[in-house]
Amino acid sequence: MNSNTSLSLLLGGVLLGGALLSSSVQAADNDECIAPAKPGGGYDLTCRLAANGLLEAGLIEDPMLVTYMPGGIGAVAYNHVNGVRTDDPNLIVAASTGAAVNLALGKFGQYDADEVRWLGAIGVDYGAIVVRADAPWQTLDELMAALKEDPSSVAFGAGGTVGSQDWMKAALTARAADIDPRALRYVAFEGGGESLAALLGNHIQVFTGDLSELRSQLESGDIRVLAALSEERVGGPYADIPTAAEQGYDVQWPIWRGYYMGPEVSDEAYAQWSERLQQLAEADSFATLREAQGLFPMAMFGDEFDAYVKQQVAGFKELAQEVGLTQ
């Protein structure tokens, strides 16, 4: 075991119940998931979906180790896997649409999307275009018409700066309406909660959030979701929300939760993990676990998922170049 991994385990590795696990007792063949962030948050959730789900479904016999490796919004873990753990058959690393965005923007250093084996996704959330319930726009068409007349008259806001996931949701929607994304007025906040508070306080007029974080506000009647950035309508409390696509705007923003493996992992190990995750996605116990975390079904694995992520990164690169974020 290398020294970086030992240090990471001593500082952050925890078993499912939360007890600290010393690196000295980790067996060589323990399954492990690296969360490229501090405990808590999306990447931790993604690792625990696999760790808890696989154990509950009887797809692993021993608890999976969860190791935390924060730094560079995923860059430290990505470089670690490519530099040190290239062929580890027992290691998976949590990833999301955010990782694809950062790869497109060149934030992972010398490595690009081709440097790892993208394994699969087991859950997804979707972007949304949100306004206050008393906003003057009843449909996405009406909002786009206002933007065409004067893009600076409408303040968008969300977590993250220009180039972030939430900004890209706004940029892609504007581009689908033939509006230059660079003309948008965009206000950056620390996260979704702060952005939603700004919307409700009328400090911004449009919030590009995620469906899962809107449920309580939908029930209160304080907001109107003009569009879900999903391929098709989702069910439950979101069933009445139209997609952008059905309103004539070809925009989807799935926030997938998935995993990758090292670039030199054997085809056998890659296939075994792909099959294992596919079985997990089909387990009744996992559906309950996924729904409890506010995620919608997504099951894409192996070569299909690998191609999907690389295509997604290529699309993000094109948009980033178009608006001057990269050369």
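Modeller: Helices (H or I, at least four residues) and strands (E, at least two) are DSSP runs, numbered from the N terminus. This model is predicted: local features need pLDDT of at least 70 and side-chain atom pairs 80 or more, while totals for chains, interfaces and linings use all residues. Residues are numbered from 1 along each chain as its sequence is written, and side-chain values use heavy atoms, leaving out hydrogens and water.

Colleague: Which element supplies the largest share of the lining of the largest pocket?

Modeller: A pocket is an open set of points on a 1 Å grid over the protein atoms alone, where a 1.4 Å probe fits, with protein on both sides within 12 Å along at least five of seven lines; lining residues have an atom within 4 Å of a point. Here 36 residues line the largest pocket. At least two each come from α2 (42–56), α4 (97–104), α6 (165–176) and β9 (254–261). The largest share, four residues, belongs to α4.

Colleague: Which residues lie nearest the centre of the largest pocket?

Modeller: Let's pick them out of its lining of 36 residues. Nearest the centre of this largest pocket are Ser96, Gly98, Gln165, Asp210 and Arg257.

Colleague: And how many residues of the second largest pocket's lining come from α11?

Modeller: This lining has 15 residues, with Leu172, Gln252, Pro254, Gln312 and Phe316 nearest the centre of the second largest pocket. Two helices, α6 and α11 (302–322), supply at least two residues each. The largest share comes from α11, and the count is six residues.
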